[in-house]
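Dear colleague,

I am handing over the structure below, and I would be grateful if you could read the notes after it with the coordinates open beside you.

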Amino acid sequence: MLQAVIFDMDGTLLDSEIIHYIVIRDILKREVGIDMPMQDYMKYCGIPDEKMWPMILEETDSTFVDALAERWGIEELAEEGVSTMSAELERLHWEEYDLYIEKNGVKPFPGVRELVVALRKEGIRIAVATGSIIRIVQKNLVLLDIAEFVEATATSEDCSNGKPAPDVFLLAAKKLGVEPENCLVVEDAGNGLLGARRAGMTCAGFEGSELPSDTALAPVTFSDYRKVTVEDLRKWHLEQSVK
């Protein structure tokens with residue numbers, strides 16, 4: 001029985017995943033000297049910064065990484081050096097993300113609040129599980145005007161293992177006091193959908209983001225919250241539960 005819906009945030013509740021891509025692409029272009037195509041960024045969607053940046057550095061031509069280390073005064077690119085570089089890139093990411101939002105704003109997806117309100121009226125509980133940080137989550141919940149309806153959040157700061165590990169989803173369910181099999185996850189990214197399945201939860205893929213969605217692992221997809229009802233979510237959950 002469906003008792004809770006756990007939403008991803010970026011690219012699922014609001015069209016912010018494209019902003020992360022723009023900011024990260026600009027940082028890499030300016031600091032490292034490479035231009036990351038959108039399709040290359042897709043594999044990092046949903047992965048927390050402390051895991052994402054080391055992955056990016058590892059997969060980047062060492063010539064560019066060595067040049068950045070020299071410019072930043074990092075003498076040796078051993079584990080400690082990579083950690084220092086990753087921490088600085090993470091700091092730049094969130095600093096420049098904030099500046100982008102202040103200047104340009106961020107677009108919530110139409111119908112999100114209405115669906116959340118309808119779910120709560122039916123007694124279905126709401127959580128957010130994200131690779132983002134709690135400060136950004138709190139700000140976005142206020143922006144979406146759904147803070148009063150979201151009973152639990154699980155972020156990259158709460159779990160040592162980010163998506164595609166199941167940890168954030170399991171923590172969100174635990175905070176709600178709901179068993180994983182009674183939860184449905186709404187996600188736009190393959191890493192998140194894989195994490196949801198590993199958590200033993202049903203899932204639905206959202207495809208309304210400006211950034212192309214990776215929903216191949218989702219048994220069902222949708223692109224407009226205004227066309228989704230509570231009964232749709234119950235039906236999707238039941239169909240996946242009986243298989």
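At least two residues of the lining of the largest cavity are supplied by each of α1 (17–32), α3 (49–59) and α5 (79–104), and the largest share, three residues, comes from α1. Please keep in mind that this is a predicted model. The lining of this cavity comprises 22 residues, and those lying nearest its centre are Asp-10, Glu-17, Gly-46, Ile-47 and Gly-131. By residue class, the lining divides into nine nonpolar, six polar and seven charged residues. The space inside the largest cavity comes to about 180 Å³, and a search of the whole structure finds one cavity of 30 Å³ or more.

The other part of my notes concerns the sheet. It is an open sheet of six strands, paired in parallel and arranged in the order β3-β2-β1-β4-β5-β6. Its edges are formed by β3 (152–154) and β6 (221–222), and because each of these has a single partner strand, one side of each is left without a neighbour in the sheet. Further in, strand β4 (residues 183–187) runs parallel to strand β5 (residues 202–206) and is joined to it by four bridges, with Leu-184 having Thr-202 as its bridge partner in β5. Helix α10 (residues 230–241) packs on this sheet, where it touches β1 (4–7), β4, β5 and β6, and the direction of α10 makes about 130° with that of β5.

With best regards

Conventions: Residues are numbered from 1 along each chain as its sequence is written. This is a predicted model: local features need pLDDT of at least 70, side-chain atom pairs count only at pLDDT 80 or more; totals for chains, interfaces and linings use all residues. Side-chain values use heavy atoms; hydrogens and water are left out. Two strands pair if DSSP finds at least two bridges between them. Contact means heavy atoms within 4.5 Å. Axes are lines fitted to C-alpha atoms, for helices over the stretch in contact, and angles run from 0 to 180 degrees between N-to-C directions. On a 1 Å grid over the protein atoms alone, a cavity is a set of points where a 1.4 Å probe fits but cannot get out, and a pocket is an open set with protein on both sides within 12 Å along at least five of seven lines; lining residues have an atom within 4 Å of a point. Grid points are joined across faces, edges and corners, and a volume is the space filled by probe spheres set on the points. Ala, Val, Leu, Ile, Met, Phe, Trp, Tyr, Cys and Pro count as nonpolar, Asp, Glu, Lys and Arg as charged, and the others, Gly among them, as polar.
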